[in-house]
Amino acid sequence: MVPVSRPYAGPPLLAEGFRPFFLASAAWAAIALPIWVALLSGGIAGPRGLDPLAWHIHEMLFGFVMAGVAGFILTAIPNWTGRPPLRGVPLGALVTLWLAGRLLALAALVSTPPALLVGAVDAGLPLALAAYAARQVVAARNWRNLMMAVPLLVLTAADLLMVAEGAGAAVPAGLGWRLGLAAIVILISAIGGRIIPAFTRNWLVKRGATALPPAKAGVVDRLALASLHVGLLAWAFLANGHGMGTLAAGGLLLTASALNLARLGRWRGWATLAEPLLSVLHLGYLWLVVGAALLGASLLTGAVPTAAAIHALTAGSIGTMMLAVMSRASLGHTGRILTADRVTVWVYVLVNGAALSRIVASVMGGLPLSLLALSALAWVAAFLLFAGRYAPYWCRPRLAA
């Protein structure tokens with residue numbers, strides 16, 4: 001459905017949700033990680049009243065990733081419902097809310113902002129997005145997409161749990177960030193299952209291919225999603241335990257990994273290697289498969305470091321999928337050809353190199369500083385290169401058809 005709206009005469013950056021939020025996501029990815037490296041190495045002190053690792057996790061999940069999720073949701077919902085997009089002042093208000101959260105995060109490096117203020121500001125964005133999504137879907141009677149609000153509400157709760165834990169409340173250790181990560185991976189698995197086979201099918205049809213991805217989800221897809229979602233939620237709540245529940249969660253995640261690999265295989269990613277803009281989506285989903293397998297194995301045996309699994313899901317799947325979706329949406333919604341130029345290909349190479357080197361560092365143990373430095377440099381370079389290449393698209397009007 002093509003959204004119908006009144007002509008927009010404001011700044012192009014506030015014309016559509018992906019424009020300011022993709023810029024914010026890329027910028028914060030390139031800023032927050034060097035701060036974490038400086039904290040890790042002792043180059044800077046702080047944050048006060050908050051564990052440095054918790055600061056890093058929070059800003060990756062609820063700063064960097066949340067901005068990307070906001071850009072996607074605000075762009076996808078109008079397409080799904082046919083409703084006018086959020087733009088201008090209301091969009092600027094959401095961006096300001098996100099920015100206020102990042103300023104509080106920076107303030108936490110030198111002071112201790114009130115937990116109530118931090119929670120209200122930070123959790124305000126996913127809550128506002130959930131309300132927006134629900135309102136638009138209900139108004140359009142587009143009931144299929146009403147479930148999109150659920151992961152956003154989970155992200156709201158997860159953010160509040162992290163803030164509460166940092167403030168010293170009696171919260172299960174790590175529940176907030178695990179729940180937040182689970183919600184994001186669940187979003188990727190659900191949305192990926194819509195867009196990856198659809199985009200692949202369209203691309204292959206244009207090239208005369210007859211072997212195509214399934215047009216509709218099947219039993220494999222439903223089993224893959226159910227096992228993954230239940231396994232991730234079980235891990236979020238049981239990761240600190242050592243009983244049968246933890247072992248069951250580990251086994252379920254290994255099963256989910258196998259089922260999602262079968263699901264990915266049905267999408268015929270190997271046939272898209274000629275177009276990196278498309279094949280990188282398959283690669284991002286492959287990282288999800290690897291991350292689920294590593295996470296399941298880490299719950300069953302101490303031989304697999306949890307950090308390796310977490311970074312396969314975050315730097316690997318989330319990092320790759322976010323850049324894949326942000327680059328494709330930016331090109332498509334600004335009237336440009338859907339193909340990856342050399343700069344975009346290098347962005348993909350760098351983010352995957354960052355993920356791989358970070359996982360290898362975790363497996364080697366002792367966190368070798370050379371690999372950590374390589375991972376950080378590749379990550380920052382990927383997002384700086386991405387922002388530099390796509391910022392002119394975000395800040396200029398859509399090309400005429």
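On a 1 Å grid over the protein atoms alone, a cavity is a set of points where a 1.4 Å probe fits but cannot get out, and lining residues have an atom within 4 Å of a point. The model is predicted, with local features needing pLDDT of at least 70 and side-chain atom pairs counting only at pLDDT 80 or more, while totals for chains, interfaces and linings use all residues. Residues are numbered from 1 along each chain as its sequence is written, and side-chain values use heavy atoms, with hydrogens and water left out.

**View 1. Lining of the largest cavity.** Of the 16 residues that line the largest cavity, Val69, Phe72, Ile188, Met322 and Val325 lie nearest its centre. Helix 2, helix 6 and helix 10 each give two or more residues to this lining, and helix 6 gives the most, with six (helices are DSSP runs of H or I, at least four residues, numbered from the N terminus). The volume is about 260 Å³, taken as the space filled by probe spheres set on the points, which are joined across faces, edges and corners.

**View 2. Lining of the second largest cavity.** This cavity, with a volume of about 40 Å³, is lined by Phe62, Leu97, Trp98, Gly101, Arg102, Val121, Asp122 and Leu125. Helix 3 (89-107) and helix 4 (115-140) each give two or more residues to the lining, and the largest share, four residues, comes from helix 3.

**View 3. Centre of the second largest pocket.** The second largest pocket has a volume of about 760 Å³, a pocket being an open set with protein on both sides within 12 Å along at least five of seven lines. Among its 30 lining residues, Trp36, Leu53, His56, His311 and Arg358 are the closest to its centre.
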